[in-house]
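Biologist: I would like to go through this model term by term. For each label, please give me the rule and then the value.

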Amino acid sequence: QGTITKFEWINPHAYVYADIPDQHGNAVNWKLECGSLGMLSRFGWNPDVVKHGDKVTVYGFAAKDGSPYMALQKIDLPNGKSLPGEP
């Protein structure tokens with residue numbers, strides 16, 4: 001669970017950035033890679049779907065090297081809606 005800090009609706013993949021607490025409670029800014037804009041659009045994404053300050057829950061595959069990077073599989077939005085991050 002974390003707080004959105006930035007959303008980039010860019011080709012070839014969109015990126016969501018979120019401050020997510022580490023095991024010590026310190027906020028770490030994660031880069032969450034999504035699928036292509038066409039795919040995201042078909043599943044309900046648009047340039048305004050997430051906004052700075054939104055509280056979200058994210059699911060995905062974290063980088064094996066321990067860096068704050070994730071392939072986003074799903075995001076739960078504040079309005080209760082869930083969107084897939086990639087096919």
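**Strands and their partners**

Biologist: Which residue in β5 stands opposite Ala 62?

Modeller: Met 70 is the residue in β5 that stands opposite Ala 62. Before we go on, this is a predicted model, in which local features need pLDDT of at least 70 and side-chain atom pairs count only at pLDDT 80 or more, while totals for chains, interfaces and linings use all residues. Residues are numbered from 1 along each chain as its sequence is written, and side-chain values use heavy atoms, with hydrogens and water left out.

Biologist: What makes a stretch of residues a strand?

Modeller: Strands are DSSP runs of E with at least two residues, and helices are runs of H or I with at least four; both are numbered from the N terminus. Residues 82–84 make up strand β6, and Ser 82 belongs to that strand.

Biologist: How many bridges join β1 and β4?

Modeller: These two antiparallel strands share 2 bridges, so they pair under the requirement of at least two. Thr 3 faces Lys 55 of β4.

Biologist: In which sense do β3 and β5 run, parallel or antiparallel?

Modeller: β3 and β5 are parallel, with 3 bridges. Glu 33 has Ala 71 of β5 as its bridge partner. β5 also pairs with β6, in the antiparallel sense, over 3 bridges.

**Turns and a cis bond**

Biologist: What is the phi of Gly 80 in the turn between β5 and β6?

Modeller: Gly 80 has a positive phi of about 90 degrees, in a hairpin with 5 residues between the strands. In the hairpin of β4 and β5, with 6 residues between the strands, Gly 66 has a positive phi near 85 degrees. Most residues other than glycine have a negative phi, and most peptide bonds are trans.

Biologist: What kind of peptide bond joins Asn 11 and Pro 12?

Modeller: That peptide bond is cis, with omega about 0 degrees. Pro 12 sits in the loop between β1 and β2.

**Charges**

Biologist: Why is the pair Lys 6 and Glu 8 called a salt bridge?

Modeller: A salt bridge needs a side-chain nitrogen of Lys or Arg within 4 Å of a carboxyl oxygen of Asp or Glu. The closest N and O atoms of Lys 6 and Glu 8 are 3.1 Å apart, so the pair qualifies. Lys 74 and Asp 76 form a salt bridge too, with 3.9 Å between the closest N and O atoms. The count by this rule is 2 salt bridges.

Biologist: Is Asp 76 buried or partly exposed?

Modeller: Buried means under 20% relative accessible area, exposed means over 50%, and partly exposed lies in between (1.4 Å probe, protein chains only). Asp 76 has 18%, so Asp 76 is buried. Lys 74, at 35%, is partly exposed.

Biologist: What joins the side chains of Ser 82 and Asp 76?

Modeller: A polar contact of 2.4 Å joins them. The term means a pair of N or O atoms within 3.5 Å; within protein, one must be able to donate a hydrogen and the other to accept it, and residues adjacent in sequence count only if both atoms are side-chain atoms. Ser 82, at 37%, is partly exposed.

Biologist: What makes a group of residues a nonpolar core?

Modeller: The members are buried Ala, Val, Leu, Ile, Met, Phe, Trp, Tyr and Cys residues joined through side-chain atoms within 4.5 Å. The largest such core has 22 residues, and Leu 32, Trp 45, Val 58 and Ile 75 touch the most other members. Elements giving two or more residues to this core include β3 (27–33) and β5 (69–76).
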